[in-house]
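Q: Please show me the model. How should I read its features, one at a time?

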Amino acid sequence: MSLYPSFARPNSLAQASELLAGLSGGSVIIAGGQEIMPHINHGAMQPDIYIDIGGLKELRGISEADGVVSIGALTVHRELQGNAIVAEKLPMLADAASRAGGGRQVHNRATLGGNLVAMHPLYDIAPALLALGAEVELVKAGETRRTSLAALMHETSHGLGSEAILVRVLVPAMAAGTGWAYEKLKLSGGAYGSANAAATVQLDAGRITAATLTIGAVADRIIDAAAAVQGLIGQAWTAAAAEQLELRCPALVKQPLSDQQGSGEWRQAMAGVVARRAMAAAVARAGQK
Amino acid sequence: MMDDLLVQSVLVQWRVNGKLHEIEAMPGMSLLDAVREQLGLTGTHMGCQTGHCGACTVMLDGRIVKSCLTQAATLPRAEIVTIEGLKRADGTLNPVQQAFWDEAGFQCGYCAPGMLLSAMELLAEHPDPTDAQIDTGLAGNLCRCTGYRSLVRAVKAAAAKMRETS
Ligand SMILES: Cc1cc2nc3c(=O)[nH]c(=O)nc-3n(C[C@H](O)[C@H](O)[C@H](O)COP(=O)(O)OP(=O)(O)OC[C@H]3O[C@@H](n4cnc5c(N)ncnc54)[C@H](O)[C@@H]3O)c2cc1C
């Protein structure tokens, strides 16, 4: 064993998966490097083996078939913001990707896969994808598996980043007329939000027929606020409905984060505020083309 | 054997500011270290090494990136432009550099490589940027002198000059 780390750049998914299986967990996958390089630069992370997945074509490209948009894990934020399919079928994802911090330089290199695998509670893309009901395709030891992003975020042994590869993200195209909004409440000009919310809504004759809502950056996991929106179904979006929603959300935040982004108590309250703002903006947008 | 894929250094070929280089990239090494230490191009500055300050910005295959966050070995072939490559063929400053000079866009100069490259990418896409577009365009760069107003002025001046001559 050398003292220096090793490096490999497999050129197919099959090869990468076989390689990772043979290394049994001792390696670190690198895509854009935006997440792991700070740790490497400061010596906090010293992997023995890097597996560069930048050469895997299976992880690239954006396409749509049968109402599902398939996005390669290597797609960078910049492409999510500018891609025509994403703009038309998943505008909320394009918007959430544009709200990430770090500037254009980061948007040019940060991948969708790396953002999701980081599973960072303050990040912007997962709340939007969860509200859109996204699924993911993973490969581990030669086996392909598809699961919902929501389920993946609760798995403890998915092995992503060392044994398993996130290949694609599959998102149902938003139905025509769906209202949507991504709200990011920021304390300062810094990158991260103190409370984020993603909402989608469908209206019929002024009444809400379906809605999804997720809340991020307030707890160590992104919160599915389905329970809070349940009461809105069949109702019109009135001041009273908005207030109800705002009051219901804080209770969903069992253990609020308390960090540079704000104190726990405040974050809990802001969960309700961003939820209300996101839903209000989604309602305002519903039915428009 | 799959293990054959594992190497201890990667021979990368880059065209940097128009000149071809072949260098040994050790796993883990950043593009920043490769540019500064192996190529001796110290105009690209090392700041925070966490991706927040933007002083290490270079252009990689036509798009700006933070070189401290980019691992050299992951770039087997690349076209790179650093601040040393911005001047015009006759040695004079390009219009964005000139505007920064005229509008006091350089104070201590530490953030300059990142500010210039970010401004150039912004202006390539938005020849007449709004204030909001300039803010977003420069959002990946910090100026410790807090000279943001002169930076915004410089970008506007560069935009006007470039529209005039194009
Ligand atoms: C200054 C700065 C500000 C930021 N601000 C925000 C923000 O406001 N909001 C936000 O959402 N994000 C933000 N980010 C995060 C950024 O979006 C992520 O760091 C980036 O998307 C990670 O992708 P990458 O390819 O560069 O990851 P890498 O560093 O290459 O990898 C990250 C992790 O994912 C694993 N991995 C990567 N790809 C795969 C794959 N396909 N399969 C399995 N494992 C994989 C790696 O092993 C590693 O563990 C910011 C980043 C920076 C540097």
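A: The ligand sits in the largest pocket. A pocket is an open set of points on a 1 Å grid over the protein atoms alone, where a 1.4 Å probe fits, with protein on both sides within 12 Å along at least five of seven lines. To sit there, more than half of a molecule's atoms must lie within 2 Å of the grid points. This is a predicted model: local features need pLDDT of at least 70, side-chain atom pairs 80 or more, while totals for chains, interfaces and linings use all residues. Residues are numbered from 1 along each chain, chains are lettered from A in written order, and side-chain values use heavy atoms, without hydrogens or water.

Q: Between which chains does the ligand lie?
A: The ligand lies between chains A and B.

Q: Which backbone atoms lie 2.8 Å from an oxygen atom of the ligand?
A: Look for polar contacts, pairs of N or O atoms within 3.5 Å. A polar backbone atom of A:Ala31 is 2.8 Å from a ligand oxygen. A backbone N or O atom of A:Gln34 is also 2.8 Å from a ligand oxygen.

Q: Where does the charged end of A:Arg285 sit?
A: A charge sits over a ring if NZ of Lys or CZ of Arg is within 6 Å of the ring centre and within 35 degrees of the ring normal. Here the charged end of A:Arg285 sits over the ring of A:Trp180, 3.7 Å from its centre.

Q: Is B:Phe100 buried or exposed?
A: Buried means under 20% relative accessible area, exposed over 50%, partly exposed in between (1.4 Å probe, protein chains only). B:Phe100 is buried, at 1%. B:Phe106 is partly exposed, at 28%.

Conventions:
A residue is near a molecule or strand if one of its heavy atoms lies within 4 Å of it. A polar contact is a pair of N or O atoms within 3.5 Å; within protein, one must be able to donate a hydrogen and the other to accept it, and residues adjacent in sequence count only if both atoms are side-chain atoms. On a 1 Å grid over the protein atoms alone, a cavity is a set of points where a 1.4 Å probe fits but cannot get out, and a pocket is an open set with protein on both sides within 12 Å along at least five of seven lines; lining residues have an atom within 4 Å of a point.
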